[in-house]
8 protein chains.
Amino acid sequence: LRQGVPEVIFGEGKTPEQIALIAGEISGAGQNVLVTRVDAAKGAAVSALVPAFRYVPLARTGSIEVAPLPKRAAGAVAVVTAGTSDLPVAEEAIETLRAVGLEAKRLYDVGVAGLHRFLHRVEELRKASAVIVVAGMEGALPSVVGGLVAAPVVAVPTSVGYGAALGGFTALFGMLTSCASGVAVVNIDSGFGAAMVVHRMLPKE
Amino acid sequence: LRQGVPEVIFGEGKTPEQIALIAGEISGAGQNVLVTRVDAAKGAAVSALVPAFRYVPLARTGSIEVAPLPKRAAGAVAVVTAGTSDLPVAEEAIETLRAVGLEAKRLYDVGVAGLHRFLHRVEELRKASAVIVVAGMEGALPSVVGGLVAAPVVAVPTSVGYGAALGGFTALFGMLTSCASGVAVVNIDSGFGAAMVVHRMLPKE
Amino acid sequence: LRQGVPEVIFGEGKTPEQIALIAGEISGAGQNVLVTRVDAAKGAAVSALVPAFRYVPLARTGSIEVAPLPKRAAGAVAVVTAGTSDLPVAEEAIETLRAVGLEAKRLYDVGVAGLHRFLHRVEELRKASAVIVVAGMEGALPSVVGGLVAAPVVAVPTSVGYGAALGGFTALFGMLTSCASGVAVVNIDSGFGAAMVVHRMLPKE
Amino acid sequence: LRQGVPEVIFGEGKTPEQIALIAGEISGAGQNVLVTRVDAAKGAAVSALVPAFRYVPLARTGSIEVAPLPKRAAGAVAVVTAGTSDLPVAEEAIETLRAVGLEAKRLYDVGVAGLHRFLHRVEELRKASAVIVVAGMEGALPSVVGGLVAAPVVAVPTSVGYGAALGGFTALFGMLTSCASGVAVVNIDSGFGAAMVVHRMLPKE
Amino acid sequence: LRQGVPEVIFGEGKTPEQIALIAGEISGAGQNVLVTRVDAAKGAAVSALVPAFRYVPLARTGSIEVAPLPKRAAGAVAVVTAGTSDLPVAEEAIETLRAVGLEAKRLYDVGVAGLHRFLHRVEELRKASAVIVVAGMEGALPSVVGGLVAAPVVAVPTSVGYGAALGGFTALFGMLTSCASGVAVVNIDSGFGAAMVVHRMLPKE
Amino acid sequence: LRQGVPEVIFGEGKTPEQIALIAGEISGAGQNVLVTRVDAAKGAAVSALVPAFRYVPLARTGSIEVAPLPKRAAGAVAVVTAGTSDLPVAEEAIETLRAVGLEAKRLYDVGVAGLHRFLHRVEELRKASAVIVVAGMEGALPSVVGGLVAAPVVAVPTSVGYGAALGGFTALFGMLTSCASGVAVVNIDSGFGAAMVVHRMLPKE
Amino acid sequence: LRQGVPEVIFGEGKTPEQIALIAGEISGAGQNVLVTRVDAAKGAAVSALVPAFRYVPLARTGSIEVAPLPKRAAGAVAVVTAGTSDLPVAEEAIETLRAVGLEAKRLYDVGVAGLHRFLHRVEELRKASAVIVVAGMEGALPSVVGGLVAAPVVAVPTSVGYGAALGGFTALFGMLTSCASGVAVVNIDSGFGAAMVVHRMLPKE
Amino acid sequence: LRQGVPEVIFGEGKTPEQIALIAGEISGAGQNVLVTRVDAAKGAAVSALVPAFRYVPLARTGSIEVAPLPKRAAGAVAVVTAGTSDLPVAEEAIETLRAVGLEAKRLYDVGVAGLHRFLHRVEELRKASAVIVVAGMEGALPSVVGGLVAAPVVAVPTSVGYGAALGGFTALFGMLTSCASGVAVVNIDSGFGAAMVVHRMLPKE
Ligand SMILES: Nc1ncnc2c1ncn2[C@@H]1O[C@H](COP(=O)(O)O)[C@@H](O)[C@H]1O
Ligand SMILES: Nc1ncnc2c1ncn2[C@@H]1O[C@H](COP(=O)(O)O)[C@@H](O)[C@H]1O
Ligand SMILES: Nc1ncnc2c1ncn2[C@@H]1O[C@H](COP(=O)(O)O)[C@@H](O)[C@H]1O
Ligand SMILES: Nc1ncnc2c1ncn2[C@@H]1O[C@H](COP(=O)(O)O)[C@@H](O)[C@H]1O
Ligand SMILES: [Mg+2]
Ligand SMILES: [Mg+2]
Ligand SMILES: [Mg+2]
Ligand SMILES: [Mg+2]
Ligand SMILES: [Mg+2]
Ligand SMILES: [Mg+2]
Ligand SMILES: [Mg+2]
Ligand SMILES: [Mg+2]
């Protein structure tokens, strides 16, 4: 078991049959499986083949849980989004956190253009053991969050936006050059990646 | 006189002699001249040729003022910077505002990673007739400003930063996709351009 | 009510149900709502759910107007397009202007390659309180307009064209480096953004 | 003699000694030689080695003319620039035209933001056998010229400008997507290339 | 009639109804019309609305010819392609040449990797009044052609290829930096543009 | 004191006088200061102005330490480099770790093309509380490290390499798409950023 | 017969009828034919037209073999993939190797994040006459392979991945800057190209 | 000794002292050393420190040879360049070939725009055991060479050219999409890389 986590299958570019086969082998050996980037049609097809497959539409993930989930002492991880279109990525992060035994606290739709709405949530943010910030377009949210909390901040750029949003690259580059120091960045739309960064940081038990 | 403003010469890629010649002709005809993007050496050389040339090192501009500056009823324009490296661009904007008869109010070094420092300045911001926001790196500042003031906001990306800052393109793209609506954007490092946008908007007398 | 304008919902990446829900809440509270970037199928679906939803196919916008539109003293805003393919973006601008209480004057299909056709419209252009210039491909129109009018000019690049048009980036970059000074630029295809820039500039009553 | 033209040496990345050697061999065989992209220092060094080397600083070219220049019946070629910073590229074109026996007519500094100045020159433009249009920044000039003349139009983007000018690529892409049809385009800063395109088009005698 | 040519409508992003309307107005006034970038479905729809519409599937163009085509003394224009996938672009050029009264000679599938096949065609190439070279991928063909013929050479990059072909930009940039001098370049896939460049160069009668 | 760390000044684009002034103010108030991206000449100039300024040439950092460094219980952080040209970035990370009270263990020159040399160091790697991996060119090292250790892995792309290395972007993008999951990424050449990510993760006391 | 290999047709952008025609002509003349980049629908259509067409779905290739395949003394070529999504590209390489008379040995799913799985296969790798390494995302595998074997290594980047994977360009650039020396690179997803590089290297009989 | 070749040091970004130290250690152990990308000043400095250092200015390489060079049975490798500016890269390849025991045959300045000059050299090309093709600008030469020889072809793009040459990327992408099949590509300006690819392919003794 690499790194003490469930096996995670990258669902994109695999057929339902291939996913069912690989996931079946792993879970048959008594290990939990998470599959990411599974669209609705593929999710239904895998569920038809593998009744134990629990598909989560918003997160576009599915899982088979044959062993108890890990129990970890770390406090809840805050998952913050700038807008509502960032939700699928945030939920992918939350499903992954769950798979590695971490609890999540959702703080959605707190973009910095509505600063007062954001400021109301700062106390909650400061209680988190780590903060995952999910934002598209100009990706400004991690800069503001990073200046207000001392905990680890992992920024996930999303492909939300058009034109100069560059399919997520503007948010990605903005997060990498954030004027708040110590912001860790992962790939565009990779809620999975952010959760795994947090998994490595927090106490394993 | 195009657009009712002083002639503005783009100083880059011109010799001191060429600048002196063109500027001399215009001022000789009784019209003010502003020259932008003039580095220190070139500024000194032009000053040696044209004693009336007033060079401003920080703004990298020079001017010859033979006619009174316009007097305009518009209130002061706020010029806000995220960091101290953004100053030359801000000062270029201010020299241009001056040339078109507009007054500036400096609010420097109020980047969003230090939110409390920023929040102290909001009342001042709200009094401005227009706001020019100068920021490099991830260029997050206009999103926060745009959400807090109803006046026109003109964002100037700067080439401050390295790596993923992309020489100012990350800030430029971020400002173009700002989640605050109605932010007008100009070219990278173009304090001149931002001032001219404001010039067009505010009452001419 | 942020910035004194109706709430504007970004329709892309939201389901008809989500749009109906959010728009219903806002209009239920007595406030007007505008939804942008809604394609024909989604527009029909929202209309089916919310009879008060007024969908405008060419602009790809929809709105619910429960309160009287603002009345503003500012004169008409000229909305100029280079070609006929730029119309959807121009109409999005016009629907947004309407929502913030501003009147529009259409000057369509006046690209600079047919200069005489363009010159016939200059007098009309000069009467506008502000000019929104919508152009794709090489985006040359704002440079010519900017040199002829003293009013604010807001340039909107469109994704019209192929190959070297780069999906609108060539027009975007061309407008940012326009040889006419004081041209304000917004994101590719963002008629909404241009209208909001104008909204900030013109007298609110 | 490939294509019936003098040999043209690309001066960049060659030492003065190498240029002197190659140019000496060709001219020694009784053929004219043109060298492009030679900066001032290198031009002086080659002149010191080869007294017959005629260096033209503004064009950054040098030549050795041992045979009479070709005489061609074609009328003058108009060479138009948008701004004064485009002059070196225009002069490189003119030196190349001269080398292939073509006469040039300069129309400098007629950028489209000052449309009236431009319109005064249209009659002259229409008399040219071909038009070379040299422009940087947004490169809008060829679109206007192309709509007004029926003769061949060759557009040369220049690297003049900063930020979104992208070192000439914005002008290049703008010219390739010009709304005026039939505009031929050459590489950034390639006055030489534009002159050679014209050379191919016009009668050889 | 701008530039003495039939009106050319850009078919992309227009509905069949819009095309029928505009084309009908022009042809109703006794002038020929060419429509480019019309896919098969749209071509059929316009034909159903306008019986006189002659659709050419391979070229993706349609035309209404109500006046006699111009008769011009210029010899045939060679249209050369590197591979068979470049045919649609070549045929668009040929339909445009026809519309402006120019005859075409096809030399297809003569890519430089099969040099002997190419060398057999050189004599034919040398007889052409102008050469349009259509090539995708690395776009090497214009360099070889340009070195062998003295006539005008217009290079059209195509979007044929994958990966590093960059949707035609590799061919575009390669043609712009061709080691053969005097190659004129047009936009990616623009057979129309190449024909219009040739139209401007050749005698009008 | 934002985030409980010493103030860190971005030295690029500031004069020695500006650095001396700002650093003097902070240290005068009893707080430690770190200055990053200070080249040798600037380092000497600041040292001349501020004798307490400790300049570290290899790391291109300087510091003034007026208060005791923090003492933290966390174990040593491994700082791994692929090649010797990556050293300055690694040393910048180490100076920053020191400033926030963390100890570093150097594992230099263990690139994956010499796998056996790398495998000898795995045991050491597994003892680290966190691993900072510094690599340029293709940036493959974090993928191998990430698969072998369970601790947090922070990857720093460097601008080492030429051509397709893209000044560090190839390593940056490679690290963001690493097949090892949970790798956190920071900006190109940002040893400082990596250390600050680690600072946030490890126990503060 | 160019280069002593079967004719290979690029299937993309050709209709089934065109493929059937060209393939029929070649095989009718007694020569083998391979068609690449043929999707399932097109494969079925060609098979219906040409019964001798052997379609291989996973490789997206088809062939007509009318002559015996070449027999070559060279040992087996190892074809290595990082993940299971890289299979289609690997199988295209294998079908091409077969067509030029070379045998393949598959080593699939040996990505470097699971180093122990990889190390088990090194002995097999070292026996190969050449190694084709197929990898997407960060493309790190060729660097590790290149350091462990002395035989020729040909790297094929694949378009597997999202966001910063850049559709295969990150892997492409990573392979071109690999810290293992002497890695030959081909175009993204070009299993065909890699096999042809190997074909040129190995003894022809 | 990795791969049976001399140690090769990447000279860029290392001080003369560092190079002298590393090279001294290796040669002191009886092994030959090659250092690449060493400019003239650094070459002189290393020579002053290490008298045995043999610096080759044109190739920008230096070497210490303490053991006899390998003797290999493979025939000469053709090294072909398109223009004279490509020479430094070609000579780097030749110095590397020498270091691994391979002989080179120079065919310089045979660009495809002068096809007849090129055709005279084809017989020589066909005798080579492998061909290294060095070309900048549009990089067309490998396509022509690849179609004429059956031996391995390794293409090296160079950074020669300006504007659309993109510092070598146009040649790089052109070579990767060459219409001649089986062309192996290496990094921009990497004569070293091409020689190492050839080293792997040819018999080791
Ligand atoms: N959403 C995701 N983004 C990036 N990598 C992923 C994702 N989901 C799974 N992976 C990785 O993909 C690997 C599995 O790939 P595969 O063997 O193709 O299923 C696992 O090691 C995961 O680390
Ligand atoms: N067409 C548009 N382009 C850019 N931003 C928009 C557009 N339409 C709405 N918005 C912005 O999107 C925000 C609403 O986002 P959401 O909460 O996701 O609906 C509003 O504050 C608007 O400023
Ligand atoms: N300014 C220039 N831009 C592009 N190509 C040029 C230029 N000057 C000369 N050339 C070309 O470079 C070739 C000569 O290259 P070289 O043999 O390196 O001097 C000639 O055939 C010209 O076509
Ligand atoms: N295939 C094409 N590529 C580029 N421009 C075109 C094309 N077809 C037509 N045009 C141009 O588009 C203009 C007509 O645009 P529109 O008024 O939108 O039909 C004409 O003036 C033509 O010059
Ligand atoms: Mg966002
Ligand atoms: Mg900033
Ligand atoms: Mg347009
Ligand atoms: Mg210009
Ligand atoms: Mg081709
Ligand atoms: Mg490295
Ligand atoms: Mg991979
Ligand atoms: Mg070349």
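Predicted model: local features only at pLDDT ≥ 70, side-chain atom pairs only at ≥ 80, totals over all residues.

**Exercise 1. The interface of chain C and chain B**

Task: Describe the interface of chain C and chain B by its contacts, its buried area and the elements that form the side of chain C.

Solution. 

Step 1. Begin with the residues in contact: 29 residues of chain C meet 29 residues of chain B.

Step 2. Turn to the area. About 2,200 Å² is buried between chain C and chain B, and carbon and sulfur atoms account for 57% of it. Of the area that chain C buries against chain B, 29% is supplied by C:Leu176, C:Ser181 and C:Arg200, more than by any other three residues.

Step 3. Examine the pairs across the interface. The rule finds 0 salt bridges between chain C and chain B, but 11 residue pairs are in polar contact.

Step 4. Locate the elements. On the side of chain C that touches chain B, two or more residues come from each of helix H6 (141–148), helix H7 (169–176), strand S9 (183–185) and helix H8 (191–201) of chain C. H8(C) gives the most to this side, with 6 residues.

Step 5. Sort the residues by class. The side of chain C that touches chain B comprises 18 nonpolar, 8 polar and 3 charged residues.

**Exercise 2. The interface of chain G and chain E**

Task: Carry out the corresponding analysis for chain G and chain E, ending with the classes of the residues on the side of chain G.

Solution. 

Step 1. In this interface, 10 residues of chain G are in contact with 9 residues of chain E.

Step 2. The area buried between chain G and chain E is about 820 Å², and 60% of it is given by carbon and sulfur atoms.

Step 3. Between chain G and chain E there are 0 salt bridges and 3 residue pairs in polar contact.

Step 4. The side of chain G that touches chain E consists of 3 nonpolar, 2 polar and 5 charged residues.

**Exercise 3. Two helices that cross**

Task: At what angle do the axes of helix H7 of chain G and helix H7 of chain H cross, and which residues meet?

Solution. 

Step 1. Helix H7 spans residues 169–176 in chain G and residues 169–176 in chain H; the two axes come within 14 Å and cross at roughly 105°.

Step 2. Angles of 65 to 115 degrees count as roughly perpendicular. Therefore H7(G) is roughly perpendicular to H7(H).

Step 3. From H7(G), the residues G:Phe169, G:Leu172, G:Phe173 and G:Leu176 meet H:Phe169, H:Leu172, H:Phe173 and H:Leu176 of H7(H). The contact of H7(G) with H7(H) has 8 nonpolar residues, with no polar and no charged ones.

Terms used. Residues numbered from 1 in each chain as written. Chains lettered and ligands numbered in written order. Heavy atoms only, no water. Axes fitted to C-alpha atoms, helices over the stretch in contact; angles between N-to-C directions. Helix = DSSP H or I, 4+ residues; strand = E, 2+ residues; numbered from the N terminus. Parallel < 35°, antiparallel > 145°, perpendicular 65-115°, else oblique. Contact = heavy atoms within 4.5 Å. Nonpolar A, V, L, I, M, F, W, Y, C, P; charged D, E, K, R; others polar. Buried area = accessible area lost by both parts, 1.4 Å probe. Salt bridge = Lys/Arg side-chain N within 4 Å of Asp/Glu carboxyl O. Polar contact = N/O pair within 3.5 Å; in protein donor to acceptor, adjacent residues only side chain to side chain.
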